[in-house]
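Student: Hi, could you walk me through this one? I'd like to start with a site and then look at a helix.

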Amino acid sequence: MALKVGIAGLGAIGLHLAKALDQGVEGLELAAVAARDHAKAAANLAGFTRKPAITSLAGLADVADIVVEAAPAAVFEEVATAAVAKGRIFVPSSCGALLPRMHLIEAAKRSGARIIVPTGALLGLDAVRAAAEGDVESVTIETRKPPRGLVGAPYLEKHKIDVTVITTKTLVFKGNAFDAAQGFPANVNVAAALALAGIGPERTMVEIWADPEVTRNTHTIRVEAAAARLTMTIENVPSEENPRTGKITPLSILACLRGLTSTLKVGS
Ligand SMILES: NC(=O)C1=CN([C@@H]2O[C@H](COP(=O)(O)OP(=O)(O)OC[C@H]3O[C@@H](n4cnc5c(N)ncnc54)[C@H](OP(=O)(O)O)[C@@H]3O)[C@@H](O)[C@H]2O)C=CC1
Ligand SMILES: O=C([O-])CC(=O)C(=O)O
């Protein structure tokens, strides 16, 4: 029987994922979505072959085996708490919001839920996880975004940094992944995912650059480990709906969901 999928948020990630599931993915069925604006959601779902139910954020966990969170970080807790309490498979996009809520992992152990953080807009988490089974000296991520992809970040507002007037590449943040995720909740979920895959949010170091010379959201990770040295870069095409979000993100989550049911799964 197909696993039922619920999606919180129908934006750059959620709507693309919903469309892909509606087109048919073996072993998965789109059962429900949660949206802020139900009329807008109904319009977005109008052409779907099988219309999913529209529920509340917490209500997704009542009908879905797999709850995908693809909403603003501000509502993460509502989706996550219900999914974990009901023992579902929880797939967070706003994984930066998981860092200050590690109690959810203990709650998942009690309920039987699983929390599966997708690679999302990043790359190489298979190799980082493998390296972290041994000794790792350092993990860093350097993120370069067109300035418009950083607008609205609380860290920039707090420090009165106006990225819209930047004309040359500028380092706007340097620190650990925990602080990066708090200061840039809609911009560097990749840093949180990297931290969770490797050596944790305190030891994972992050640089964020506002760079008018780049057109893509570009992430370079560097790992110095006993078993290997890794340097990898991904250059993400920003999505039309949300320039902060690379187009690869819903594709990565789709690949992650396929991996939950497929007979052949490639990569760790
Ligand atoms: N892990 C990763 O690699 C990546 C993670 N992300 C993160 O994933 C999350 C989603 O990103 P993205 O799809 O680009 O964001 P969008 O802003 O494009 O979409 C978010 C959606 O959530 C909806 N929404 C807002 N409030 C609520 C609510 N209370 N209940 C239900 N739905 C709500 C919005 O509706 P409306 O438009 O009507 O307000 C919108 O449809 C973000 O936190 C983002 O930072 C993004 C890229 C990569
Ligand atoms: O990590 C994020 O939140 C989004 C991001 O940088 C990208 O999509 O390239």
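**The annotated site**

Tutor: Asn189 is buried, with a relative accessible area of 18%. Buried means under 20% relative accessible area, exposed over 50% and partly exposed in between, using a 1.4 Å probe and protein chains only. This is a predicted model, where local features need pLDDT of at least 70, side-chain atom pairs count only at pLDDT 80 or more, and totals for chains, interfaces and linings use all residues. Residues are numbered from 1 along each chain as its sequence is written, chains are lettered from A and ligands numbered from 1 in the order in which they are written, and side-chain values use heavy atoms, with hydrogens and water left out.

Student: Which residues is Asn189 in contact with, leaving aside its neighbours within four places in sequence?

Tutor: Those are Ser93, Ser94, Cys95 and Gly96, where contact means heavy atoms within 4.5 Å. A polar atom of the Asn189 side chain lies 3.0 Å from the backbone nitrogen of Gly96.

Student: What does the UniProt annotation "binding site" cover?

Tutor: In the unreviewed UniProt entry, that annotation covers Ala121 and Asn189. They span 69 residues in sequence, yet no two of their C-alpha atoms are more than 8.3 Å apart, so they gather at one spot. Such annotations may be inferred rather than shown by experiment.

Student: Is Ala121 buried or exposed?

Tutor: Ala121 is buried, at 14% relative accessible area.

Student: Switching to helix 4, which residues are buried there?

Tutor: In helix 4 (residues 76–85), they are Phe76, Val79, Ala80, Ala82, Ala83 and Val84. Helices are DSSP runs of H or I, at least four residues, numbered from the N terminus.

Note on methods
Helices (H or I, at least four residues) and strands (E, at least two) are DSSP runs, numbered from the N terminus. A polar contact is a pair of N or O atoms within 3.5 Å; within protein, one must be able to donate a hydrogen and the other to accept it, and residues adjacent in sequence count only if both atoms are side-chain atoms.
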